[in-house]
Amino acid sequence: MNTFTIDTQTMHYVDIGEGPVLVLGHSYLWDNEMWAPQLEVLSLHYRCIVPDLWSHGRSDAAPQKTKNLQDYARDVLSLLDHLQIDSFSIIGLSVGGMWGAELALIAPECTKSLVLMDTFIGFEPEVMHAKYFAMLDTIAQVQHVPEPMIDVITPMFFARNAEQANPALVAKFREHLSSIKGQQAVDVTNIGRMVFGRRDTFDDVEQLTLPTLVVVGVQDMPRPPLEAQLMHDAIDGSQFFVVQDAGHICNLEQPAVVTEKLLSFMNDVHA
């Protein structure tokens, strides 16, 4: 792991491989290790930069100036400037796709392509916005994730049969949620408010003229295929790929399928 400091706050990131640069953004409540199966293959052909989102993995809480996902995209751009990287592609899952789209809009001259996985760049639908903010308020107040809430949150990330198909993956995520305590729990909810209180990036969607791939797990509950279809329809020339037998974290539920699709897309972009 490498470190980069913004306003006294330390961001941890992975920097592995050589070649054209890929910037990977992980899901809310996960960290860079989420991308391990993909990095094993992609890093043989590309230089992969994978920051831990603020308050996730080994990164500190967000700097005071980082108020929203546009600000976070600028933080990642600062990291890339620090690394003297002026051309990159973005692969973002969930919140990684949300800030990834913002980064593509902020630095269009630097961004070669964009992959939006199990994400949505529009407003959070009103009912879910209220539900998520109530959950965040509870977690911040009690400074941990209560067991009944873990029972609700965990299945949201996976396909319906995940407990049978991949029990170790599900158990590891439950264990991670249980470990979020104290100030970290408060800090994580602050990031959650940035995620679920995000702006409607569809306002600028016509500016996304770069090669774009939209990927979604067919059983994704938080970010259903309909949302992915809306993004695909709105982004001119984008490609659309549905991952069978997968939910929100499709890259870990169907790693070989997702890795092959990402590699094929990136090879076309860099041909």
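The buried residues of helix H8 (buried meaning under 20% relative accessible area, with a 1.4 Å probe and protein chains only) pack against three partners: helix H2 (69-82), helix H3 (95-106) and helix H4 (126-142). Helices here are DSSP runs of H or I with at least four residues, numbered from the N terminus. This is a predicted model, where local features need pLDDT of at least 70 and side-chain atom pairs count only at pLDDT 80 or more, while totals for chains, interfaces and linings use all residues. Residues are numbered from 1 along each chain as its sequence is written, and side-chain values use heavy atoms, with hydrogens and water left out.

H8 itself runs over residues 182-196 and reaches 22 Å from its first C-alpha to its last, close to the expected 21 Å, taken as 1.5 Å times one less than the number of residues. Its buried residues include Ala-185, Ile-191 and Phe-196. Leaving aside residues up to four places away in sequence, Thr-189 touches Tyr-28, Leu-136, Ile-139 and Ala-140, a contact being heavy atoms within 4.5 Å.

Now for two of those partners, H2 and H3. Their axes, lines fitted to C-alpha atoms over the stretch in contact, with angles from 0 to 180 degrees between N-to-C directions, come within 8 Å and cross at roughly 70°. That makes H2 roughly perpendicular to H3, a label for angles of 65 to 115 degrees. Among the residues that meet are Leu-69, Tyr-72 and Leu-80 in H2, with Met-98, Trp-99 and Ile-106 in H3.

Conventions: Helices (H or I, at least four residues) and strands (E, at least two) are DSSP runs, numbered from the N terminus. Buried means under 20% relative accessible area, exposed over 50%, partly exposed in between (1.4 Å probe, protein chains only). Angles under 35 degrees count as roughly parallel, over 145 as roughly antiparallel, 65 to 115 as roughly perpendicular and the rest as oblique.
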